[in-house]
Amino acid sequence: MASPESAVNGPTMTAGAASKSLRNAFGGVIAFIILVLIGVLAFSIRLFSVIKYESVIHEFDPYFNYRVTQFLSKNGIYDFWNWFDDRTWYPLGRVIGGTVYPGLTLTAGTIWKVVNSLNIPLSVETVCVFTAPIFSAFASWAAYLLTKEVKGPGAGLTAAALLAMVPSYISRSVAGSYDNEAVAIFALVFTFYLYIKTLNTGSLFYATLNALAYFYMVCSWGGYTFIINLIPMHVLLCIVTGRYSSRLYIAYAPLVVLGTLLASLVPVVGFNAVLTSEHFASFLVFIIIHVVALAYYIKGILSPKMFKVAVTLVVSVGLAVCCAVIAILIAVVASSPTKGWSGRSLTLLDPTYASKYIPIIASVSEHQPPTWPSYFMDINVLAFLVPAGIIACFMPLTDSSSFVILYIVTSVYFSGVMVRLMLVLAPAACILSGIALSEAFNVLTRSIKFQLPGIAGNPSIASEENGSSTVVAPNDIPKTEEAAKEKPAKKNRKKEKENVEKKPTPSKTEKRLLVLPLEASVIAVLLLVLLGAFYVVHCVWAAAEAYSAPSIVLTSHSNDGGLHVFDDFREAYSWLSHNTDVDDKVASWWDYGYQTTAMANRTVLVDNNTWNNTHIATVGTAMSSPEKQAWEIFHSLDVKYVLVVFGGVVGYPSDDINKFLWMVRIGGGVFPHIKEPDYLRDGQYRIDAQATPTMLNCLMYKLSYFRFVETDGKGFDRVRRTEIGKKHFKLTHFEEVFTTHHWMVRIYKLKPQRNRIRGKTKKSKSSRSVSSKRDVRGKRNPWH
Amino acid sequence: MGRSSTVKETQALFQSLRSAYAATPNNLKIIDVFVGFAVLTAIIQVVYMAVVGSFPFNSFLSGVLSCIGTAVLAVCLRIQVNKDNKEFKDVAPERAFADFILCNLVLHLVIMNFMG
C-alpha cells in the first residue's frame with residue numbers, strides 16, 4: 001500500500017517507528033501536492049478553446065443550459081422550478097421545471113451566486129464556461145479516492161492522473177462545453193467511491209452520504225440508471241459468489257430506499273422511479289438481499305441439523321410463493337408495449353431498436369456505434385492497459401475489485417452501442433489502467449530495490465505481507481499474453497501461502513529468485529515511462545486539435561498560414577435579434593433551436609429536446625414539400641421566418657442539405673404522403689441535374705440554392721462536389737431577407753397572403769374536383 | 001408416516017428457533033420489535049391503498065417508503081450493535097446509534113418534502 005513512498009525514500013528496512021511515521025507523513029504531503037497538481041492539470045488542459053478562440057459556449061445543448069442558468073440567476077429558484085417556456089415548441093410550449101435535469105444549472109447558479117456575494121464580479125457566461133474544467137478536477141480527485149479504496153494510494157494517484165487527461169472525457173468537458181456530463185461524471189465517480197467506502201467500512205454514515213451523492217447524480221444526468229442497475233448487479237454477484245456480509249446489506253438496503261425517494265423528488269424522474277423497468281432490478285435485488293440476510297441469520301442461530309430441516313421446508317413453500325409473485329410481475333410488465341422500458345434504454349439494450357422504430361434517436365450522430373479507431377483516439381494507451389488491470393484486480397479478488405471489474409465490463413458493452421457512452425467507459429478505463437500501472441511499478445521497483453548491489457539480503461517485512469503478489473505478479477506482468485495463467489496462478493498463490501506459513505526460511509530464498517532481473521526491470525521502468533509520455537502527448541494533441549472546436553465558430557487556414565474565421569452563425573442570430581420583432585416565430589431544423597432561443601431570443605417551433613416527434617415531422621414535411629404546401633404549413637403555425645443552413649459555398653459539411661434525408665424520413669414516418677424514394681434517383685441522393693423533380697421542387701432545395709448560381713456562375717456545390725440541377729428559379733411564397741457573409745445561414749420571410757385572388761370562382765370549382773380526385777386515390781395530403 | 005415425521009420435524013424446528021431466539025439479548029429484541037412494528041405499519045398502508053385507491057400517489061409512496069426505510073435502518077443498527085458480529089467489534093454502539101439517527105433525519109426530511 002505504501003510502495004511509491006517507500007520507493008522514493010530509499011531502503012530503510014530496519015528503521016524505527018519514528019522514522020516510519022516521518023516517512024508516512026512525507027508520503028502524505030507528496031500525495032497531497034500531486035493531487036493539487038493533477039487538479040491544475042485537469043483544469044488547464046481543457047482551456048485550449050478559450051485560448052484559441054474565445055470564452056464562448058460551444059455546440060447546441062449547452063446554449064439551452066446557458067439560457068436556463070440565465071433565467072435562474074435573474075428570477076430566482078422558485079420561478080425557475082415553475083417555469084413554463086412559451087418561446088419554444090410553438091404553439092405547445094415546454095415545461096422547463098419538469099423536463100430538465102436541474103443539477104447542472106443549480107450548480108452553476110450556486111457558484112455564480114456565491115462568487116458574486118464575495119464581490120468577485122464574474123458573469124453568468126464565465127461561470128458556465130468554466131464549470132466543466134472545475135468539475136473535471138473534482139472528478140480526478142474522486143477517481144483517486146475510489147481507486148485508493150480498491151487498491152491503494154499509488155494506484156489512486158495514477159488513476160487520477162490518467163482521468164485528468166483522457167481524451168474521451170476532455171471531449172465532453174472542455175471549457176465552454178456546458179452540458180450535463182460535465183457535472184455528471186464527477187457525481188458518478190463520487191457515488192461509486194462512497195458505495196465502495198460503505199462496503200469496505202460498513203458505516204451507516206457513508207451509506208447516507210452515498211444516497212445523497214446518488215441524489216446529486218439523479219439531478220444531473222439521465223445516465224443515473226446506469227448506477228441504479230450496476231450496483232444491484234454487483235450485489236447479486238457478491239451474493240452468488242458467496243461474498244455476502246452484513247456490510248453488503250448496510251451498503252445496499254438504505255441506498256435503495258433513500259435513493260428511490262430522492263430520485264422521486266426530482267421532477268424529471270418523478271414516479272418513474274418506481275414505475276419503470278429501469279428501476280425494477282434494484283427492487284428485485286432488494287427483496288433477494290433480504291431473503292439472503294434472513295437465511296444467514298437463521299443459519300447463525302440454529303444448529304446445522306435443524307437448519308437443513310428449515311431449508312427443505314422453506315424451499316418448498318418459498319418456491320410456490322416466488323412463482324406466484326413472478327407470474328404477477330411478468331403480467332404487469334408485459335401489459336405495456338415497451339415492457340416498461342423507455343425508448344432510450346431500449347436502444348441501449350437492443351442496438352437495432354432505434355433504427356427500426358425511433359428514427360430521431362437513430363439520426364443523432366452521437367448515438368451511432370463507435371468505430372475501432374475511435375477507441376484508440378478516445379482512450380489511447382488505456383485500451384491495452386485495461387486487460388492488465390482486470391488481471392490485477394483478481395489478485396486478490398475483493399468486493400471492491402469485483403465491482404470495478406463489473407463496471408468496466410458493462411461500460412465496454414455500452415460504449416460499443418453508442419459513441420456517446422465512451423464517456424462512461426473513460427473513468428473505468430482510467431481506474432483499471434491506474435491499477436495495472438501501479439502494480440507494474442510495484443513489481444519492477446521492488447525488483448530493482450532487492451538487486452541493487454550493496455543492499456542487505458533479507459527481504460523486507462513488506463514483501464512478506466504482499467508475498468502472494470510478488471510471487472505471482474512477476475510471472476504475468478508485463479508480457480500480458482498470460483491471461484490464461486490466472487487460474488494456475490491462483491493455485492500457485494494458495495500453495496505458496498501455505499509454504500510461507502509453514503517454512504519461512506526456504507521460501508525467503510524462493511521469493512528472491514522469483515524477482516525480475518535488474519537490467520530488465522530498469523528497461524521496463526523506462527519503457528513504461530515512455531508509454532506514459534506517449535499518452536500525455538496524444539492527450540494534449542487531442543485536446544488542442546480535435547476537441548476544442550466550438551462549433552459555433554469555424555476556422556480554416558489559408559495558404560499563407562493565416563487564420564480565417566467563419567462567424568456566420570452568430571452573425572445570423574444577431575441579425576435576427578436586431579431586425580425582427582420579439583414575438584416573431586422562426587422555423588428551422590431542430591438542431592438550431594437551442595441556439596436560436598438563446599442567442600437570437602426568438603420563438604422557435606422545434607428544438608434539440610426532440611420530445612414531440614409529430615411536431616418535428618411537421619417541420620420535416622414542410623421542408624420536403626413544394627413551396628405552396630410548405631407556405632401553408634408554416635402559415636398555419638404562425639411562422640414568419642425560415643432559417644436554413646447551407647454549406648455549399650465554403651464546404652461546410654454539416655448543413656441542412658446533408659441532413660435532408662433525415663427530414664424526409666422523420667416526416668414520412670408521420671405523414672405518409674412523403675416517401676423517401678421520391679427524392680432518390682436509383683437509390684442515390686443527388687441534387688444535380690439527375691435529381692428527381694420532387695427533390696428539385698422541395699422547399700429545402702429552393703431555399704438552399706436560391707441565387708446560388710450568382711456566386712461562381714456555374715452553381716458548383718463544394719460539399720456535394722457537383723453542379724446543382726435547377727440553377728435559375730424564383731421564389732413565389734418566400735422572400736430572402738438575409739444571407740450571411742459566407743452564405744452559411746440564409747433567412748427567408750414568408751410572403752403575406754395575397755388580398756385578392758384572381759379568378760376565384762373558377763379556381764374553387766377546379767380545386768373541389770381536384771380534391772375529390774385526391775380522396776379517391778386515397779393518399780390524402782392533410783394540408784389540403 | 002412420512003407426513004407425521006415432517007410435522008414432528010417442523011415442530012422441533014420451531015422449538016429450536018424459539019429457544020435460540022430467546023437467548024438473544026434484550027436490546028436486540030427491542031430493535032426487532034421496532035422493525036416488526038414498522039413493517040406492520042407499511043402493510044397496513046398498502047392494504048389501505050388497495051381499498052381506497054392510490055391517489056395521491058406521492059403521499060402513499062412516501063408513507064410506505066418511510067416505514068420500510070426505518071425498518072431497514074433499524075436492521076442496520078441491529079447489525080452494528082450485535083456483539084456477535086466480529087466485523088463491527090471496534091464500532092462503539094453509541095457511534096452506531098448516532099449514524100442511525102443521522103440517516104433517519106435525512107430520510108424523514110426527504111419524506112416531509114415528498115409527502116405533499
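Which share of the contacts in chain A with a separation of 6 or more comes from residues 24 or more positions apart? The share is 72%, where a contact means heavy atoms within 4.5 Å. Before I go on, a word on the basis of this talk: this is a predicted model, in which local features need pLDDT of at least 70 and side-chain atom pairs count only at pLDDT 80 or more, while totals for chains, interfaces and linings use all residues. Residues are numbered from 1 along each chain as its sequence is written, chains are lettered from A and ligands numbered from 1 in the order in which they are written, and side-chain values use heavy atoms, with hydrogens and water left out.

Let me begin with chain A as a whole. Its secondary structure comes to 37 helices and eleven strands; these are DSSP runs, numbered from the N terminus, with helices being H or I of at least four residues and strands being E of at least two. Of the 784 residues in chain A, 50% count as buried, where buried means under 20% relative accessible area, exposed means over 50%, and partly exposed lies in between, with a 1.4 Å probe and protein chains only. The accessible surface of chain A is about 36000 Å², and 64% of that belongs to carbon and sulfur atoms; such areas come from the Shrake-Rupley method with a 1.4 Å probe, and for residues only the protein chains shown count as cover.

Now to the inside. In soluble globular proteins, nonpolar side chains tend to be buried together. A nonpolar core is a set of buried Ala, Val, Leu, Ile, Met, Phe, Trp, Tyr and Cys residues joined through side-chain atoms within 4.5 Å. The largest one here has 214 residues, and the members that touch the most others are A:F192, A:F634, A:V642 and A:F734. Helix α23 of chain A, residues 422-451, gives the most to this core, with 15 residues. If you look at A:V642 and set aside its neighbours within four places in sequence, you will find it in contact with several residues, among them A:F634, A:F734, A:M623 and A:L750.

Another residue to look at is A:V285, in helix α15 of chain A, residues 280-301. A:V285 is buried, with a relative accessible area of 4%. Apart from its neighbours within four places in sequence, A:V285 is in contact with A:P232, A:V235, A:L236 and A:Y252. A:V285 and A:N229 are 56 residues apart in sequence, and their C-alpha atoms are 9.9 Å apart in space.

Next, how helices pack. Two packed helices are described by the angle between their axes and the distance between the axes. The axes are lines fitted to C-alpha atoms, for helices over the stretch in contact, and angles run from 0 to 180 degrees between N-to-C directions. In chain A, helix α6 (residues 103-117) and helix α7 (residues 124-150) pack at about 115°, with their axes 10 Å apart, and α6(A) and α7(A) are therefore roughly perpendicular to each other. Under 35 degrees counts as roughly parallel, over 145 as roughly antiparallel, 65 to 115 as roughly perpendicular, and the rest as oblique. Where they meet, A:T107, A:A108, A:I111 and A:W112 in α6(A) face A:V124, A:V127, A:T131 and A:F135 in α7(A).

In chain B, the axes of helix α2 (residues 26-52) and helix α3 (residues 57-81) come within 9 Å and cross at roughly 165°, so α2(B) and α3(B) are roughly antiparallel to each other.

Finally, some details of the backbone in chain A. A cis peptide bond, with omega about 0°, joins A:Y90 and A:P91, and A:P91 is found in the loop between β1 (84-85) and β2 (94-95). The peptide bond from A:M395 to A:P396 is also cis, with omega near 0°, and A:P396 is found in the loop between α21 (382-393) and α22 (399-417).

Helix α30(A) is largely enclosed by the rest of the structure, because seven of its eight residues are buried. The buried residues of α30(A) pack against α4 (61-81), β2, α29 (568-579), β5 (585-587) and β6 of chain A. After α30(A) comes A:N601, whose phi is positive, near 60°, although A:N601 is not a glycine. At 38% relative accessibility, A:N601 counts as partly exposed. A:N380 is not a glycine either, and has a positive phi of about 45°, but A:N380 is buried, with a relative accessible area of 4%.
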